[in-house]
Amino acid sequence: MSLSSSSSSLMRVGTVVANRALCDEHLRLTLRLPGRTAAAPGQFVHLAPIALAAELDDPASAAPPCPSPLLRRAFSIAGLRATDGGEEIDVIYRVVGTGTQWMASLTPGLVVSVLGPLGNSFPISKDKDHAWLVAGGVGLPPMLWLAESLSAAGKQVIAFCGAQRASLLALELDPNVPPDVDAKQAALSARAFARSGAAVVLATDDGSLGFAGHLGAALDAFSQANRPDPDDLVIYTCGPERMMHFVAGWAADRGIDCYVCMERAMACGTGTCQSCAVEVRAPADKDGWRYALCCTEGPVFPARNVLWQTPTTAR
Ligand SMILES: Cc1cc2nc3c(=O)[nH]c(=O)nc-3n(C[C@H](O)[C@H](O)[C@H](O)COP(=O)(O)OP(=O)(O)OC[C@H]3O[C@@H](n4cnc5c(N)ncnc54)[C@H](O)[C@@H]3O)c2cc1C
Ligand code: FES
């Protein structure tokens, strides 16, 4: 199984179709784009706070400029649908600073500049029938689209989704399907995953929804109750680095293949600025490691290759 990589980068004008709140701090932005790409889950787009007026038929539709000058911002593609002559993408974002505040102000009909799809994608194993997706906080977006692709490939998918508290979980829940507080079973309680047939295990740090505790502990509890076959399972994870560090070690201890979706500050997104280094194992190198660029070699890496710089989530 190899990681697929996209070498082509595309600059397009994206028209805002919708931009609505999903929970306290996350919104989903849907953009309509001209032309179709061979994008795959794990890839990201680089959004600029302006579209050049010269690119536009109607310069008045350009989104208002960001209050301060801004580099492009990277966002995983959370969903992609073909439309007549083009495609629609979803981006789910948490408002954390200048750029994401500006994104939250976008209204339908305005246009922004979209570079992408960029980066590589999650590999889908031909041989393994089960996939567990472990998504902490704002690591959720790429997992939604990955669940669709895995289900279409005939895999049995379970998504583990965690947040600090229920009001920060960017998922619409089915009120008739309560989550299991012991994390012993998964349920079709999150509509976006249920549409792909994927059951979820929910966890919150403060216990306001589902399992009370961190997502790694929920993963462990579920695994102990359900005893997966390590040879028939792949784990994919995205979220805070210390959580991914934990999941990577947990999977390695059990001989389970694991892929992580890394996040770095990205100035260019295309391999030029060198701002997005990830330290990876390189047995052939004299030091045994090297820097990989997250934007072009990643953002998806085999978990066993990453040299973690963060502490792991405490058990
Ligand atoms: C490949 C890739 C995919 C990504 N996918 C997503 C996604 O799907 N959804 C999403 O919301 N974000 C995603 N991010 C992170 C996103 O790029 C940043 O949140 C965004 O650039 C913040 O821009 P800003 O101008 O609002 O914040 P800035 O003004 O740049 O930062 C404001 C403050 O927020 C802090 N900050 C910056 N980023 C984060 C963060 N991620 N979490 C918490 N605090 C932060 C900064 O340290 C700073 O203190 C992704 C990043 C990468 C590299
Ligand atoms: S973001 Fe510039 S090299 Fe990766």
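The twelve residues of helix α4 (residues 215-226) should span 16 Å at 1.5 Å a residue, and because its end C-alpha atoms are 16 Å apart, the two values agree; the expected span is 1.5 Å times one less than the number of residues. Helices are DSSP runs of H or I with at least four residues and strands are runs of E with at least two, numbered from the N terminus.

This is a predicted model, in which local features need pLDDT of at least 70 and side-chain atom pairs count only at pLDDT 80 or more, whereas totals for chains, interfaces and linings use all residues. Residues are numbered from 1 along each chain as its sequence is written, and side-chain values use heavy atoms, without hydrogens and water.

R227, which follows α4, has a positive phi near 45°.

R72, in the loop between β3 (44-48) and β4 (73-76), counts as buried because its relative accessibility is 16%. Its side chain makes the approaches tabulated here, where a polar contact is a pair of N or O atoms within 3.5 Å, within protein one able to donate a hydrogen and the other to accept it, and residues adjacent in sequence count only if both atoms are side-chain atoms.

| Side chain | Partner | Distance |
|---|---|---|
| R72 | S113 side chain | 2.7 Å |

Notes:
Chains lettered and ligands numbered in written order. Buried < 20%, exposed > 50% of the residue type's maximum accessible area, 1.4 Å probe, protein only.
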